[in-house]
Every structure is written in structure tokens, then in C-alpha cells.
Amino acid sequence: MSELPPSAQKVHAAAMVLGLDITVREMPDSTRTAEKAAAAVGVTVGQIVKSLVFMGATSGKPYLLLVSGTNRVNEAGVAAHLGEELKRPDADAVRALTGYAIGGIPPFGHDTPLATYIDGDLLQYDVVWAAAGTPKAVFSAAPGKLKDATQAIVIDVK
């Protein structure tokens with residue numbers, strides 16, 4: 001564990017607090033995109049969890065969407081579910097909210113509590129892979145356990 005970067009150690013510690021038993025793996029190459037992560041761990045792109053931060057356009061409330069690597073977020077559809085339009089914060093705002101840089105944002109362990117929603121498509125897999133705090137660190141989990149640990153609400157993001 002101590003050989004992991006501090007941000008990956010922070011993700012591991014947060015998982016333990018949530019009762020999610022994970023092993024963080026630091027990969028030799030970047031896992032910054034869903035495609036690169038899938039290639040690095042040998043799974044389909046759909047099994048990669050993209051942790052995407054949005055802000056409510058009216059409320060300013062931060063939202064975290066856990067999205068299958070093959071899916072694009074239909075912002076209008078998600079906005080209709082949430083009751084307000086969404087906007088994408090810049091990289092500095094995302095880091096300020098989560099404590100992590102884009103490309104390494106995990107599904108939990110953020111500096112700010114985030115209302116979390118999970119793409120229902122992720123639940124079809126036995127195992128999914130998510131970022132673990134750096135653009136080279138990942139972990140795997142059963143998607144149902146990830147949903148429960150993050151208290152995520154299942155939605156259709158497409």
C-alpha cells in the first residue's frame with residue numbers, strides 16, 4: 001500500500017470506511033480514458049466507470065455521474081431527472097470539489113459530498129473498473145457493491 005501515490009492511498013482508505021474491499025493497482029501506462037483503462041486491465045470499455053462531475057446550472061449543486069465507458073451522458077435527459085439543467089465545471093473546479101484531477105477521479109472519497117448517480121448499464125457486469133485517484137491507478141468492484149457503497153441512485157444516462 002505505501003508504494004501507492006498518496007491520492008491512491010486516500011481512495012483505498014475511503015473504500016475501507018465504506019466497507020468496500022478493493023485492491024488499488026497502479027498501471028505502467030495511463031488509464032486516463034475509458035479506452036486506455038480497458039486496454040490496461042483487459043476488459044471491455046463498457047466495464048470502465050467514468051466518474052463525471054456536473055453542476056446544477058441553477059443551484060450550483062455538484063453531481064457525480066458514474067457512467068459506463070461506452071456511454072455518453074445525455075445532459076438534457078439527466079437534467080430532466082434531476083430537475084435542473086447541468087453545466088460542466090472546469091478542471092480546477094472539479095479538483096476543488098473532489099480533491100482529484102480529471103482522469104483519476106474515483107467514485108468516492110471526495111473532499112465535498114456529491115449526490116451520486118450510477119448508469120444502469122454498469123449493473124449488467126460482474127466486475128467494473130474505476131479510477132483510484134491518479135491517471136494510472138484503478139480498482140475493480142462488483143457494480144452492485146459500488147452502487148451500495150456510494151449510495152448511488154440508478155438512472156439512465158443515455
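Guide: A34 touches V45, I48, K50 and G69, leaving aside residues up to four places away in sequence; contact means heavy atoms within 4.5 Å. This is a predicted model, in which local features need pLDDT of at least 70 and side-chain atom pairs count only at pLDDT 80 or more, while totals for chains, interfaces and linings use all residues. Residues are numbered from 1 along each chain as its sequence is written, and side-chain values use heavy atoms, with hydrogens and water left out.

Visitor: Is A34 buried or exposed?

Guide: Buried means under 20% relative accessible area, exposed over 50%, and partly exposed in between (1.4 Å probe, protein chains only). A34 has 7% relative accessibility, so A34 counts as buried. Buried residues make up 48% of the 158 residues in the chain.

Visitor: In which element is A34 found?

Guide: Helices (H or I, at least four residues) and strands (E, at least two) are DSSP runs, numbered from the N terminus. A34 is found in helix 2, residues 34-41.

Visitor: How many helices and strands does the chain have?

Guide: There are five helices and eight strands. From the N terminus on, their order is α-β-α-β-β-α-β-α-β-β-β-α-β.

Visitor: How does one read the radius of gyration of the chain?

Guide: The radius is taken over C-alpha atoms, and the globule rule is 2.2 Å times the number of residues to the power 0.38. Here the radius of gyration is 14 Å, close to the 15 Å that the rule gives for 158 residues, so the chain is as compact as a globular protein of that length. Along its principal axes the C-alpha trace spans about 45 × 30 × 30 Å.

Visitor: Which residues touch the most other members of the largest nonpolar core?

Guide: In soluble globular proteins, nonpolar side chains tend to be buried together. A nonpolar core is a set of buried Ala, Val, Leu, Ile, Met, Phe, Trp, Tyr and Cys residues joined through side-chain atoms within 4.5 Å. The largest one has 30 residues, of which I22, F108 and F139 touch the most other members. Helix 1 gives the most to this core, with four residues.

Visitor: What does F108 touch?

Guide: Not counting residues up to four places away in sequence, the contacts of F108 include V11, A14, L18, I22, F139 and L146. A second, separate core of 13 residues includes L52, V78, L86 and Y117.
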